Structure formats: structure tokens, C-alpha cells
Amino acid sequence: MIARTLLTTAIALLVLQGMTFAVGVRTGKHSVADAGWGVGVALAAVAAFLASLPGDGDPARRALLLTASVLWGLRLAVYIGWRNHGKPEDPRYADLLGKAPGSRNRYALRQIYLLQGAILWLATVPVQLGMLERTPAGPLAVAGTALFAAGFFFESVGDWQLARFKATRTSQDQIMDRGLWRYTRHPNYFGDFCMWWGLFAISAGSWRELPALAGPLLMTFILTRGTGARMTDRRMRDSRPGYAGYIARTSGFVPLPPKRIS
């Protein structure tokens with residue numbers, strides 16, 4: 001039962017990555033992988049839901065995990081697809097592929113798509129195992145739902161505020177420090193963090209879910225120390241005047257009141 005669910009999800013994500021890679025090769029833009037990430041979050045939940053039988057897990061927990069994952073994943077995919085439409089290759093991918101020792105596409109397949117597929121599979125293990133948890137959803141699932149909702153708010157509102165800023169800013173507006181961005185430099189990454197841990201809390205009904213801690217722990221590392229907040233801060237500090245001051249007065253991750261700089 002567990003093996004079937006994990007294997008089915010892995011196959012679904014592998015097929016998705018293959019299709020996304022084909023689109024990236026055809027368009028010459030491997031930043032399509034970013035939209036594919038959102039699709040993958042939703043697909044993993046759907047695959048795990050279909051691979052497991054209704055009687056394999058608590059119906060309320062299964063419905064919560066499926067609804068939350070699909071809502072999050074599709075919103076993210078649509079937003080990123082809209083944001084990247086008509087734009088050139090993302091500088092992050094251009095820099096990465098500029099280091100390719102040979103074929104850029106084969107390098108992209110290994111370093112972007114297959115790696116992303118593996119991370120997605122591991123990150124969504126709580127959802128996959130949660131579909132099989134028979135213990136009735138209780139207070140922890142309620143708390144997880146609230147945490148997920150808070151994260152969804154931070155990510156979606158933060159994305160909307162940033163998109164509006166980019167559409168209306170003047171030449172003097174270099175730094176987005178309004179709305180949620182006044183309290184954290186990365187409301188979208190903080191929202192991601194909350195949603196991954198929210199999904200884990202929803203899925204956790206017994207000690208059997210403890211190995212699934214690897215998923216949110218991995219995503220926490222990526223969001224705070226990997227390709228998330230730390231890398232974004234470094235890139236923005238080097239390219240945007242005034243960003244160092246923004247760093248000095250604004251929390252790097254957890255939302256906090258801004259500091260007063262004398």
C-alpha cells in the first residue's frame with residue numbers, strides 16, 4: 001500500500017519533469033521548470049490520492065491534503081507562468097547553464113528537472129503518507145490547516161503586492177518595502193515554509209509519519225539557506241541600490257516590525 005503510493009507518485013512526477021523538459025527545450029527557456037514545480041505539488045497529491053483507496057486513510061485528512069495541495073500548486077503554477085510569459089530566460093538558469101560542460105539541454109535535464117523531481121517527491125512524502133493515515137483528523141490537523149492558510153495568505157498576497165509594485169514603480173522605486181514586504185524580505189518564502197509544515201501537521205496522525213519530517217526539513221533548508229532567501233538577498237544586494245539598507249531594517253524571514261535605523 002505504502003510502496004504503491006510512493007511509487008505511483010514518483011512515476012507521475014518523473015513523467016511531469018520529462019514533459020516540462022520537452023517544453024523547455026522547445027521554447028529555449030528552462031525557467032519553465034518554475035511553473036512545473038507548482039504543477040508538481042498538485043500532481044503529487046492527486047497521484048497519491050488516486051493510488052490509495054478511500055478506505056486506506058481517514059477521509060477528512062485525505063480531503064484536506066488533496067484540496068490544500070491542489071489549490072496551492074495550481075495557484076503557484078498559474079502565477080509563475082503569467083509572470084514569466086514573454087520574458088527571456090531567468091538569470092538564475094542562464095548562469096547555471098552557462099557552466100554546462102557540454103550540452104546545455106542534457107545539463108539542464110540533470111541539474112534542473114531530475115533534481116527538482118527528486119526534491120518534489122521527498123517534499124511531498126508527508127502528503128503521500130497522510131493519504132494512508134487512518135487515525136481520525138484531530139487538533140493537529142486543525143492547527144496544520146490554520147498554518148497552511150496563513151502560509152497561503154503570505155505567499156499569494158506577497159506575490160500580488162510584488163507584481164503590482166513592478167507594474168507601477170517609477171525609476172526611483174528600486175526596493176519593494178511595502179505591505180507584507182515591510183515586515184519580511186521574503187513573504188513568499190515564509191508562506192512556503194508555513195505551507196510545507198502545515199501539510200506535515202495535517203498528515204501526521206501517528207509515529208509512522210515521523211520519517212516524513214525529512215520533507216519539511218529539506219524545504220526549510222532550501223528556503224532559508226539554499227536557493228531561497230539567502231541567494232535572493234545576495235543577488236539583490238549586488239544589483240539594487242538601497243537593498244543593503246532594506247536588509248538592515250527588515251526581517252530576513254519571519255515577519256517582524258521593521259527596525260528603526262538611526
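How much accessible surface does the protein chain have, and what share of it belongs to carbon and sulfur atoms? The surface comes to about 13,200 Å², and 67% of that belongs to carbon and sulfur atoms. Accessible areas here come from the Shrake-Rupley method with a 1.4 Å probe, and for residues only the protein chains shown count as cover.

Before you click further, two ground rules. This is a predicted model, where local features need pLDDT of at least 70, side-chain atom pairs count only at pLDDT 80 or more, and totals for chains, interfaces and linings use all residues. Residues are numbered from 1 along each chain as its sequence is written, and side-chain values use heavy atoms, with hydrogens and water left out.

**Stop 1: the whole chain**

Switch to cartoon view. You'll find 11 helices and zero strands (helices are DSSP runs of H or I with at least four residues, strands are E runs of at least two, numbered from the N terminus). Turn the model around: the C-alpha trace spans about 60 × 50 × 25 Å along its principal axes. Buried residues make up 45% of the 262; buried means under 20% relative accessible area, exposed over 50%, and partly exposed in between, with a 1.4 Å probe and protein chains only.

**Stop 2: a patch on the outside**

Select L7, I11, V15 and M19. Together they form a nonpolar surface patch with about 400 Å² of accessible area. To join such a patch, residues need over 30% relative accessible area and no salt bridge; nonpolar side chains (Val, Leu, Ile, Met, Phe, Trp, Tyr) are joined within 5 Å, like charges within 9 Å. A salt bridge is a side-chain nitrogen of Lys or Arg within 4 Å of a carboxyl oxygen of Asp or Glu. Zoom in on V15, in helix α1 (residues 2–27): at 48% relative accessible area, V15 is partly exposed.

**Stop 3**

Now pick G191 in helix α8. Is G191 buried or exposed? It is buried, with a relative accessible area of 0%. Leaving aside neighbours within four places in sequence, G191 is in contact with G151, F154 and E155 (contact means heavy atoms within 4.5 Å). Draw a distance from G191 to F154: they are 37 residues apart in sequence, yet 4.9 Å apart C-alpha to C-alpha.

Next, jump to L76 in helix α3 (residues 59–84), which counts as buried at 8% relative accessibility. Not counting residues up to four places away in sequence, L76 touches W37, G38 and E155.

**Stop 4**

Select G215, P216, M219, I222 and L223, the buried residues of α9. They fall within an arc of 125 degrees seen down the axis, so they line one face of the helix (the arc is that of the directions from the helix axis to the C-beta atoms). Their cover includes α2 (32–51), α5 (104–123), α6 (125–130), α8 and α10.

Finish on helix α10 (residues 229–239), where A229, T232, D233 and M236 are buried. Their arc is only 100 degrees, which puts them on the same side of α10. Show α8 (187–203), α9 (214–224) and α11 (243–249) too: the buried residues of α10 pack against these.
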